[in-house]
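Have a look at the sequence and the model first, and then read on.

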Amino acid sequence: MNGQSRAHIHPGLLVKIVLKKDQRTGKLTEGIVKDILTNSSFHPHGIKVRLEDGQVGRVQEIIKE
């Protein structure tokens, strides 16, 4: 599942995000969602989240509930 819809994302979810510095390369970072930072219900580049380790990026892939 992709990370464009806010309804599919919640704290505690294991996801892969792309960090701002990795947007050119497309390198993904795996982590657990702590906070959802995007207010809109949909974003074409992925919902912006903060992981439990403090990194911020846009969700590209939802690994598991």
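## Confidence, strands and side chains

Averaged over the protein, pLDDT is 95, and 98% of the residues score at least 70. What you see is a predicted model, where local features need pLDDT of at least 70, side-chain atom pairs count only at pLDDT 80 or more, and totals for chains, interfaces and linings use all residues. Residues are numbered from 1 along each chain as its sequence is written, and side-chain values use heavy atoms, leaving out hydrogens and water.

Now for the strands, which are DSSP runs of E with at least two residues, numbered from the N terminus. Two of them pair if DSSP finds at least two bridges between them. Strand β1 (residues 14–19) runs antiparallel to β4, joined by six bridges; one of the partners is Ile62 in β4, which sits across from Val15. β3 and β4 are antiparallel too, with three bridges, and Val49 has Gly57 in β4 as its bridge partner. Four residues lie between the strands in this β3 and β4 hairpin, where Gly54 takes a positive phi near 95°.

How many salt bridges does the structure hold? There are two, a salt bridge being a side-chain nitrogen of Lys or Arg within 4 Å of a carboxyl oxygen of Asp or Glu. Here they are:

| Salt bridge | N to O distance |
|---|---|
| Asp22 and Lys21 | 3.9 Å |
| Arg50 and Asp35 | 2.9 Å |

To describe accessibility, we say buried for under 20% relative accessible area, exposed for over 50% and partly exposed in between (1.4 Å probe, protein chains only). Asp22 is buried at 7%, while Lys21 is exposed at 66%. Arg50 is partly exposed at 30%, and Asp35 is partly exposed at 28%.

Last stop: Thr38, in the loop between β2 and β3. Is Thr38 buried or exposed? Thr38 is buried, at 8% relative accessible area. Its side chain reaches the backbone nitrogen of Lys48 at 2.7 Å. Leaving aside residues up to four places away in sequence, Thr38 touches Arg6, Ile47, Lys48 and Arg58, where contact means heavy atoms within 4.5 Å.

Key: pLDDT = per-residue confidence, 0-100. Polar contact = N/O pair within 3.5 Å; in protein donor to acceptor, adjacent residues only side chain to side chain.
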